[in-house]
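Please look at the model before reading on.

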Amino acid sequence: MKTRILLAALLALPFYGQTVSGIPHLQKQGTATQLIVDGKPFLALSGELGNNSATSLENMQPVWPKLVSGNLNCVLVALSWAQLEPAEGSFDFALVDGLIQEARRNNLKVVFLWFGSWKNGLSSYAPYWVKSDYTRFPRIRVKGGRSIELLSTFGDATRDADARAFGALMRHIREVDGSRHTVVMMQVENEVGVLRDSRDRSAAANQAFDSAVPKQLMDYLEKHKDTLAPELREVWAAHGFKTAGSWEEVFGAGKPDSVDMPVQTRTPPLSAEEYQTGWRQLHWPADEIFMAWNYSRYINAVVEAGKKEYTIPMFMNAWLQQPNMAWPGTYPSGGPLPQVHDVWRAGAPAADLLAPDLYLQYFDEVCTRFTRNANPLFIPETSVTATNVLPAFGTFNAIGFSPFYIERSVGPDTELAAAYRLISQLTPAILAQQGKDSITAVRLNEGEGPATVRLGNYTLSLTDIGNGRVPIAPETPGTGQVPQSPRQAGPVAQAQAILMAAGPNEFYFGAVGGAVRIAFAPDTPGPKTVGLGDVQQGKFVDGVWRVIRQLGGDDTGQGEILTVRPNSALRVTVYRYE
Ligand code: DGJ
């Protein structure tokens with residue numbers, strides 16, 4: 001009997017011989033969600049390759065060492081459906097295998113991007129046999145009945161073909177990587193949504209648009225009424241929270257027939273106020289919500305086909321609404337944008353997270369909108385700037401950060417390499433605190449007043465002191481006051497710091513971009529003066545803190561001033577006295 005139970009238990013394990021816990025998956029910690037690989041949380045210090053860079057191993061040859069030199073531990077690599085399945089039912093996995101092998105050789109994890117039915121709204125990566133058979137695989141129609149190079153979500157054959165190909169890909173990845181876990185996540189499609197009109201106007205789409213909103217969506221919205229994205233709730237409220245009716249009855253009018261779709265929202269011109277606010281609202285709500293539902297249902301089928309073969313985290317990325325592109329159709333209408341996240345959750349429950357391609361200057365605001373309702377943050381595309389790395393991981397509990405076209409800018413002497421090195425030196429401390437109130441990050445401009453944060457039992461005042469010179473001793477020794485530092489003329493620098501409390505009196509700090517001075521004020525009763533205990537510059541190696549320099553004397557203002565110099569990680573203990 002015992003043997004039979006044991007056998008049943010063994011058979012329940014995936015047949016590639018892995019326990020489920022070793023396979024990449026997501027796990028909650030407090031308010032954060034972490035990516036667990038081989039049983040341990042993993043922070044993806046990534047970059048996304050140019051769209052076609054990994055279409056041959058030869059083209060990738062010079063790229064791998066560059067990625068390593070920039071301190072990346074993960075790379076986002078596009079796979080094109082056209083290349084994977086050049087003829088229907090015939091798959092070529094040689095490139096996938098080679099990419100996985102090269103990534104392993106370079107100690108990199110991989111997130112594959114499935115360029116299937118859609119890439120940047122359009123369908124340029126679908127195979128020739130799909131694109132040329134426009135009867136079997138219908139395109140959308142835009143105003144005037146024109147068809148464009150964009151496969152319609154109203155094409156069951158297209159969905160099934162995409163799902164079959166993605167399923168075959170995931171089966172293959174499981175076969176070659178199910179016990180190695182080089183591939184840690186999958187992005188399914190790329191920046192989907194309708195461009196050049198606010199919705200699909202094919203006959204099938206028009207018929208669905210005039211029909212009732214599906215009960216599955218209505219039930220979801222009703223059940224989650226109190227936590228819906230405010231933008232969505234607002235348009236539903238404006239129509240009396242109707243629980244049944246056509247899309248326009250429930251959510252409000254779509255784009256009138258008279259309106260031609262501009263390429264950018266600036267034609268016709270917006271007022272200054274509309275320019276500021278327009279990209280934070282739903283316009284022609286029925287159209288965008290309708291498309292979000294139809295894209296999410298289609299992609300859910302693709303994700304399910306993939307997960308049936310190999311269940312690792314899968315996400316969708318969004319081309320964002322923005323001041324110049326505030327109307328749906330100027331940005332892909334129906335993509336996984338924050339105003340329609342609830343629709344995506346209802347339509348694509350198999351998806352693990354919805355991700356921003358974040359090139360906007362409003363970095364924090366977008367992250368805030370993308371982390372509502374516990375959506376885990378992964379930034380698959382962003383500008384090649386390092387200033388958002390520490391805030392992404394420290395403030396928004398990001399799983400990963402990934403500048404686009406990384407091979408063009410990556411290298412050992414870049415700001416990104418410095419920020420990634422710092423994060424990797426502090427990774428165990430960051431992972432231990434993510435999702436709790438014991439981690440944060442700040443951006444500081446040189447010359448501006450201090451920023452304050454509460455951490456552990458203290459309020460910390462942080463000042464950017466520029467280039468990290470040796471601190472000057474306070475004029476009145478023992479007051480713990482932060483002295484003025486002489487400033488150099490020139491452009492204002494910005495420092496970023498990441499701050500963690502590992503215990504009531506124990507901290508980890510790191511800074512990039514400038515030196516940051518930190519003063520402590522106690523938040524609990526007792527002696528008011530705070531002394532510096534151990535101040536250690538170091539790094540985590542195999543999960544253990546290793547001290548590189550024990551700091552005192554000149555490096556700590558004779559024990560009274562704490563300065564975190566750029567590109568350094570510190571472990572600091574404090575005590576109180578009178
Ligand atoms: C966003 C897309 O997702 C990428 O594939 C790439 O085309 C960039 N835009 C180009 O800026």
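The notes below take the ligand first, then the pocket, the cavities and the histidine.

This is a predicted model: local features need pLDDT of at least 70, side-chain atom pairs count only at pLDDT 80 or more, and totals for chains, interfaces and linings use all residues. Residues are numbered from 1 along each chain as its sequence is written, and side-chain values use heavy atoms, with hydrogens and water left out.

**Ligand site**
- Asn 51, Lys 119, Asn 120, Asn 190, Glu 191, Asp 357, Glu 381 and Phe 404 surround the ligand (a heavy atom within 4 Å of it).
- Glu 381 has a side-chain N or O atom 2.5 Å from a ligand oxygen.
- Asn 51 places a polar side-chain atom 2.9 Å from an oxygen atom of the ligand.
- For Glu 191, the distance from a polar side-chain atom to a ligand oxygen is 3.2 Å.
- A polar contact is a pair of N or O atoms within 3.5 Å.

**Largest pocket**
- The largest pocket holds about 810 Å³ of space.
- Its lining has 27 residues, and the closest to the centre are Lys 40, Phe 42, Leu 43, Asn 73 and Thr 427.
- Strand E3 (40–42), helix H5 (94–105), helix H17 (415–433) and strand E20 (529–541) each give two or more residues to this lining.
- H17 gives the most, with 4 residues.
- By class, the pocket lining divides into 13 nonpolar, 8 polar and 6 charged residues.
- A pocket is an open set of points on a 1 Å grid over the protein atoms alone, with protein on both sides within 12 Å along at least five of seven lines; lining residues have an atom within 4 Å of a point.
- Helices (H or I, at least four residues) and strands (E, at least two) are DSSP runs, numbered from the N terminus.

**Cavities**
- The structure has 3 cavities of 30 Å³ or more (grid points where a 1.4 Å probe fits but cannot get out).
- The largest cavity contains about 50 Å³ of space.
- Its lining is formed by Trp 279, Leu 320, Gln 321, Leu 337, Pro 338, Gln 339, Val 366, Arg 369 and Phe 370.
- That lining has 6 nonpolar, 2 polar and 1 charged residues.

**His 341**
- His 341 lies in helix H14, which covers residues 341–347.
- His 341 counts as buried because its relative accessibility is 3% (buried means under 20%, with a 1.4 Å probe and protein chains only).
- Beyond neighbours within four places in sequence, His 341 contacts Pro 336, Leu 354, Arg 369, Phe 370 and Asn 375 (heavy atoms within 4.5 Å).
- Arg 369 and Phe 370 are among these contacts, and both also line the largest cavity.

Notes: Buried means under 20% relative accessible area, exposed over 50%, partly exposed in between (1.4 Å probe, protein chains only). Grid points are joined across faces, edges and corners, and a volume is the space filled by probe spheres set on the points. Ala, Val, Leu, Ile, Met, Phe, Trp, Tyr, Cys and Pro count as nonpolar, Asp, Glu, Lys and Arg as charged, and the others, Gly among them, as polar. A polar contact is a pair of N or O atoms within 3.5 Å; within protein, one must be able to donate a hydrogen and the other to accept it, and residues adjacent in sequence count only if both atoms are side-chain atoms.
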